[in-house]
Amino acid sequence: MLRLVALLVAALVVPVSAQAATNPVVAAAKRTATVKSSKLQLNVKTTIPGRATMTLTGDGAHSGTSVELTMRTRAVGAPVTIDAIMLNERGASVMYMRSPSFQQQLPSGKSWLRVDLSKQAASLALDFSSLLNTSSFAPLEKGLVSTTRLGRETVAGASTTHYRAVIDIRRAARAVPAYGKQVAALEKATGVRLTKSSWNVWIGGDGRIRRMRFSTPAVAGGARGTTVQSITFLAYDVPVSISAPPRAQVFMTP
């Protein structure tokens, strides 16, 4: 019975023109990009056929161009916690990381590792630099091809409308240079040319995005797979304070 209901719902979804000036996804992307701060949750799942699936979850906040996250995953069957602070320092995107899993590899007295994302993002298994600016919403605002309304759903306690959006990645990359750099870095790291992508977007009654989910190509050990990223926004324009850790506790990477 549940499967029959699901099939009926899928048959009744109503396509919405992406070219309409009042397109709800475009409007929500623009409105969300203007917020000054937020509390958020992150879920990232990377699947490589024939290899172990890696899942990472996180809680955090953003203020301006700064992001703070506490992330959880598993390595060799053991739980791992990673604290991350992402900032823009003198025009460069940087990330400070702290975790018991690599504490022994740091010099005595150092508990944080600083990574220059501008230089090393392409070699990271996960690139969080897109959270540092409003280009996170660029694909929805500048690359939308079509929108389908899927129905009403509750997300993090809030009533939302769920949409499926088809994105022209190359068009968005041309329109927003910052996003274009992210696309180029991902293509270089994975060897996959990005063209179109399907996103799921949940929009709240305030006209802002409450959740967005999308997939990107992934590569591990020469094998290709997929990373599915989901970001849930719990609250907007709330007090958030984010700063770099004490310099004496930081180990600077080359």
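The legends below describe close-up views of a predicted model.

**View 1. The largest nonpolar core and its residues with the most contacts.** The largest nonpolar core of this predicted model contains 46 residues, and those with the most contacts inside it are Leu 140, Tyr 179 and Ile 209. Apart from this core lies another, made up of seven residues, among them Leu 87, Val 94, Trp 112 and Ile 242.

**View 2. The surroundings of Leu 140.** When neighbours within four places in sequence are left aside, Leu 140 is in contact with Val 25, Val 26 and Ala 29, as well as with Ala 165, Ile 167, Trp 199, Val 201, Ile 209 and Met 212.

**View 3. The buried face of helix H2.** Helix H2 spans residues 24-32, and its buried residues are Val 25, Val 26, Ala 28, Ala 29 and Thr 32. Seen down the axis of H2, these buried residues fall within an arc of 165°, so they line one face of the helix. The buried residues of H2 pack against helix H4 (138-142) and against the strands E8 (144-155), E9 (158-168), E10 (196-204), E11 (209-220) and E12 (223-236).

**View 4. The start of helix H2.** Here a side-chain oxygen of Asn 23 reaches to within 3.0 Å of the backbone nitrogen of Val 25.

**View 5. Thr 216 in strand E11****.** Thr 216 counts as buried because its relative accessibility is 16%, and buried means under 20%. Leaving aside neighbours within four places in sequence, Thr 216 is in contact with Leu 186, Gly 225, Thr 226, Thr 227 and Gln 229.

Note on methods. Residues numbered from 1 in each chain as written. Predicted model: local features only at pLDDT ≥ 70, side-chain atom pairs only at ≥ 80, totals over all residues. Heavy atoms only, no water. Core = buried A, V, L, I, M, F, W, Y, C linked by side-chain atoms within 4.5 Å. Buried < 20%, exposed > 50% of the residue type's maximum accessible area, 1.4 Å probe, protein only. Contact = heavy atoms within 4.5 Å. Helix = DSSP H or I, 4+ residues; strand = E, 2+ residues; numbered from the N terminus. Arc of directions from axis to C-beta. Polar contact = N/O pair within 3.5 Å; in protein donor to acceptor, adjacent residues only side chain to side chain.
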